Amino acid sequence: MKDHYQLLIIGGGPAGLAAATIASSKGVTCALLDEQPAPGGQIYRSIESVPEKRAEKLGTEYLRGKELASAFRACEAEYFPETRVWSLSSQREVGVLHKGKSKIISADQILVASGAMERPVPFPGWTLPGVMQAGAGQILFKSSGIVPSDGVVLAGSGPLLLLLAWQYMNVGVEIKAILDVTPLSNHLLALPKLPRALLAHHYLTKGLIYQRDLKRAGVNTKIGASLLQAEGDDCLDTIRYRHFGREHTIKTDLLLTHFGVIPQIALTQAVGCKHQWDDSQQCWRPEHDEWGSTSIDGIIVAGDGAGINGARSAEHAGRLAGLQALFALGVISQIERDQQSIEDRQWMKDERHIRPFLEAYFAVPQTMLATTNNETIICRCEEITAGQIRKAVESGHQDSNHVKFLTRCGMGACQGRQCSNAVAHIVADSGGQAISEQSHFRGRPPVTPLTLMQLADLNEEESL
Amino acid sequence: MFKQLSNSTVETVEVTLNGQKIHVSQGMTVAAAALTQGLHFTRTTPISNSKRLPFCMMGVCYDCLMVIDGKANQRACVTYIKKGMQIETQQGVGPSLGETE
Ligand SMILES: Cc1cc2nc3c(=O)[nH]c(=O)nc-3n(C[C@H](O)[C@@H](O)[C@H](O)COP(=O)(O)OP(=O)(O)OC[C@H]3O[C@@H](n4cnc5c(N)ncnc54)[C@H](O)[C@@H]3O)c2cc1C
Ligand code: FES
């Protein structure tokens, strides 16, 4: 790994791969760093090594990653897998952990393409062994062919829940139930956005096909389920929920939940980019222009880390960001940038058609975002409950950061990644600060904790 | 809870999980190995001593912290299995004063 690159790309999903491929074709020195052992990101995880039979079960969208990964492999960009970025500064210095050693490298342009994560939504029992996120189930399936052995309950809302159910069905996993918590009122709210969504009808058709296949296979879907609870002593054994006014239980040792995905903003926060609260997507995202340029010079974002637009958009946004970096480096002119990006910009516009509908239809109900069940653990690390947060607000701690200092909520190992959204919602719901760009916990480096030994590597390097 | 679909083309490696020698597929993460071995928990929490298993499998929840090759607080879901690895369930902050990854 060199000490300096013209362009450094963080993340090897569709956005990062597309950016690296286009930028390195123009002769700039470019490196791509990714925590995973192979290219693909979340959607195309293990795309190069997946056995053919498993790939087919995962669906045609997944197979698209093959092309992207092989174009990337053929390009000139240097690739560093199993490499973790733990800090990012506005001077464009990047802290990386590579082969167990830390190092600081720099770049003229940095593209953050770190993708999305599952939206954490606390509910009673969500910390029990046996309760996991749907993305976790999908990661196990894609990368190691690991699937539920004694049946599974899927709960939550959003297209990925349906996709995972369909993928599991294809390999004969018993789906005990799908508990769809999307409130029926969302259907009405989404209706005005349907005409525009019809312009991207292939997405709607795909969803309908999944639903049809699952129904034919006899999978039990409860639409409008609510008051989800996971119960058990040391591990999950029962799920409780309400459906049309009646309480139901299901025995299961595995529950996979999904409430949509949100951008991973640890790095853009650490570097100090301006962020905004996106009401429609119910999350924070870094502010950026059409090219992905953020409020900080030389820091570009693309893909789901910039705002949730899906895998196809991520690929196009990656190319736009790659062209923007080339323009900023003086390698191509503005006219060349604009001309070479016409198709990608059009694609991105077309891809947007479906989003307002999906966002309205799958919006997570406010009652789940700001739970009123005071016993529910909100901070999984420090085990702080909703009741403690509400109490802190009532005692005059009116914003998330004050609540954090008072309760230690968000100070644990995950650095608030799992609770920041819920805390902001509960604070607002209890009469504290309304949700805005300020109500996110303030980020602090390192983004992932380092050992003293790894920090010592840095001192050694500096003294050389 | 989980099982691995058969795939005879993948080689296995030997590692030690809580003192027991086991064979797991090459390329797996430690968390995936722990789940397929049917571990009931991979750590207990420092605050209430409650049991946890991996939650996100993508490195963002820190619920999969285990002691790997003697080092505490390693995220098992982003650590890949290597031959001869020593993997242990983590109790609370773990040994070595809870030094983090
Ligand atoms: C678990 C999960 C599963 C998903 N599955 C699907 C699916 O099946 N179908 C679908 O349409 N959409 C899926 N999505 C949505 C997904 O976000 C896609 O739209 C797409 O993967 C976005 O591409 P991207 O390039 O923006 O980011 P990603 O594909 O998420 O790639 C980001 C990459 O950055 C790396 N990274 C992040 N932070 C760091 C760091 N600090 N240091 C080093 N590397 C880092 C990650 O390891 C990852 O490889 C999924 C999302 C999640 C969270
Ligand atoms: S399971 Fe979430 S960090 Fe490992």
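Predicted model: local features only at pLDDT ≥ 70, side-chain atom pairs only at ≥ 80, totals over all residues.
Residues are numbered from 1 along each chain as its sequence is written, chains are lettered from A and ligands numbered from 1 in the order in which they are written, and side-chain values use heavy atoms, with hydrogens and water left out.

**Stop 1: ligand 1.** Select ligand 1, and you'll find it between chains A and B. Now show its shell, meaning residues with a heavy atom within 4 Å of it. There are 32 of them, and the closest are A:Asp34, A:Gln42, A:Val85, A:Gln138 and A:Asp304. The shell splits into 14 nonpolar, 13 polar and five charged residues. Here Ala, Val, Leu, Ile, Met, Phe, Trp, Tyr, Cys and Pro are nonpolar, Asp, Glu, Lys and Arg are charged, and the others, Gly among them, are polar.

Next, look for polar contacts (pairs of N or O atoms within 3.5 Å). A backbone N or O atom of A:Ala15 sits 2.9 Å from an oxygen atom of ligand 1. For A:Ile43, a backbone N or O atom is 3.3 Å from a ligand oxygen. How much of ligand 1 does the protein cover? It covers 92% of the 980 Å² of accessible area that ligand 1 has on its own, computed by the Shrake-Rupley method with a 1.4 Å probe.

Stop 2: Which element gives the most to the shell around ligand 1? That's α5 of chain A, with four residues. Helices here are DSSP runs (H or I, at least four residues), and strands are E runs of at least two, numbered from the N terminus. Select residues 134-144 for α5(A) and 159-170 for α6(A): they pack at an angle of about 35°, with axes 10 Å apart. Axes are lines fitted to C-alpha atoms over the stretch in contact, and angles run from 0 to 180 degrees between N-to-C directions. In the contact (heavy atoms within 4.5 Å), A:Ala134, A:Gly137, A:Gln138 and A:Phe141 of α5(A) meet A:Leu161, A:Leu163, A:Leu164, A:Gln167 and A:Tyr168 of α6(A). By class, that's six nonpolar, three polar and no charged residues.

**Stop 3: A:Arg92.** Finally, pick A:Arg92, in the loop between β4 and β5 (93-98) of chain A. A polar atom of its side chain lies 3.1 Å from the backbone oxygen of A:Asp297. A:Val271 is 179 residues away from A:Arg92 in sequence, yet 8.6 Å away in space, C-alpha to C-alpha.

Terms used: Polar contact = N/O pair within 3.5 Å; in protein donor to acceptor, adjacent residues only side chain to side chain.
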